[in-house]
Amino acid sequence: MAASASIYYFLTLLLLCAIPFTFSELVKEQPLVLKYHNGPLLKGKITVNLIWYGKFSPTQRSIIVDFINSLSSAVKPKIPSASFWWKTTEKYKSGSSTLVVGKQILLENYPLGKTLKNPHLPALAGKFNGVGTVSVILTAKDVAVDGFCMRCGTHGSNRVGRVRGTFIWVGNSETQCPGQCAWPFHQPIYGPQTPPLVAPNGDVGIDGMIITLATLLANTVTNPFNNGYFQGPADAPLEAVSACTGIFGTGSYPGYPGKLLVEKSTRASYNANGVNGRKYLLPAMWDPQTSRCKTLV
């Protein structure tokens, strides 16, 4: 029995040695695949209408408007640019998605109160509805929304008559849950407690909103009606950018956003240049050609 066991052990080792793999290959990260579910995507000219719910300063509004304009700007900003980041969306079934800021409404008197329920979001979005439009609802720092700290924002679709439109909600988390929604510009609630980064526009809440808005704009054009590109269940999908959560630069890992650019004068961290000299921090986006999360730096 001992001899038989020794022979079996020897033959097993010989077989393992003959298999051409290394330990690094055993733990090699598998490609991430977002399946296309044969539904329509948002391509061509897309009008982005803005609904400002609550009080935002003119400076705060300009940061966000400049960001949207940066994504499809005809003027080439310095590299790396927000427009180059957005071009990855062209790889989803080919064709560009050109964003244009449309109408804006200021609802500074909180017509639905300072606590919004989920049904309020499509109702507000219904103020603008049409083919090739996205209604973006931006709530101020003193406005609570159901499930705020669990999601920071959301996107969906609504129908007014025969017209089916899309909408996005993004909340300012400055005073509610910045550890979840404004990281890495605020100390995280969970995980490694790395020092927060300096926000590129000097506003933790607004710069956090930019990250969420970027995520949801990309998710919306690539999966507007829950039958585009995603992985997992349709009611809780991993989408173009949400599949790459927490990744902003090369070498990222949980609690560390990755290697980023730093503005010398302010020590602010960023990875994208925009119009009017703006700088932004944008999350990685899934690249259909490589099946990996793509960063700007």
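Trainee: Before looking at details, how many helices and strands does the protein chain have?

Mentor: Bearing in mind that the model is predicted, the protein chain has eight helices and 15 strands. Of its 297 residues, 47% are buried, and among contacts between residues at least 6 apart in sequence, 72% join residues at least 24 apart.

Trainee: Which residues have the most contacts inside the largest nonpolar core?

Mentor: The general idea is that in soluble globular proteins nonpolar side chains tend to be buried together. In this structure the largest nonpolar core has 65 residues, and those with the most contacts inside it are Ile-64, Phe-67, Trp-85, Leu-138, Leu-213 and Leu-282. Helix 8 supplies the largest share of this core, namely nine residues. Another core, of seven residues, lies apart from it and includes Phe-185, Ala-199, Ile-211 and Phe-248.

Trainee: How should I read the packing of helix 3 and helix 8, and what is the angle at which their axes cross?

Mentor: The axes of helix 3, residues 58-71, and helix 8, residues 204-222, come within 11 Å and cross at roughly 30 degrees. Angles under 35 degrees count as roughly parallel, and therefore helix 3 is roughly parallel to helix 8. Their crossing is right-handed. On the helix 3 side the contact is made by Gln-60, Ile-63, Ile-64, Phe-67, Ile-68 and Leu-71, and on the helix 8 side by Ile-206, Met-209, Ile-210, Leu-213, Ala-214 and Leu-217. By class, this contact has 11 nonpolar residues, one polar residue and no charged residues.

Trainee: Which residues does Phe-67 contact, leaving aside its neighbours within four places in sequence?

Mentor: Phe-67 is in contact with Ile-210, Leu-213, Ala-214 and Leu-217, and also with Tyr-280 and Leu-282.

Trainee: Turning to a loop, is Leu-41 buried or exposed?

Mentor: Leu-41 is found in the loop between strand 1 (35-36) and strand 2 (44-53). Its relative accessibility is 16%, and because buried means under 20%, Leu-41 counts as buried.

Trainee: Which residues does Leu-41 touch, not counting those up to four places away in sequence?

Mentor: Leu-41 touches Tyr-36, Tyr-92, Lys-93, Val-221, Thr-222, Pro-224, Gly-228 and Tyr-229.

Note on methods
Residues numbered from 1 in each chain as written. Predicted model: local features only at pLDDT ≥ 70, side-chain atom pairs only at ≥ 80, totals over all residues. Heavy atoms only, no water. Axes fitted to C-alpha atoms, helices over the stretch in contact; angles between N-to-C directions. Helix = DSSP H or I, 4+ residues; strand = E, 2+ residues; numbered from the N terminus. Parallel < 35°, antiparallel > 145°, perpendicular 65-115°, else oblique. Left-handed = near helix turned anticlockwise from the far one by under 90°. Contact = heavy atoms within 4.5 Å. Nonpolar A, V, L, I, M, F, W, Y, C, P; charged D, E, K, R; others polar. Buried < 20%, exposed > 50% of the residue type's maximum accessible area, 1.4 Å probe, protein only. Core = buried A, V, L, I, M, F, W, Y, C linked by side-chain atoms within 4.5 Å.
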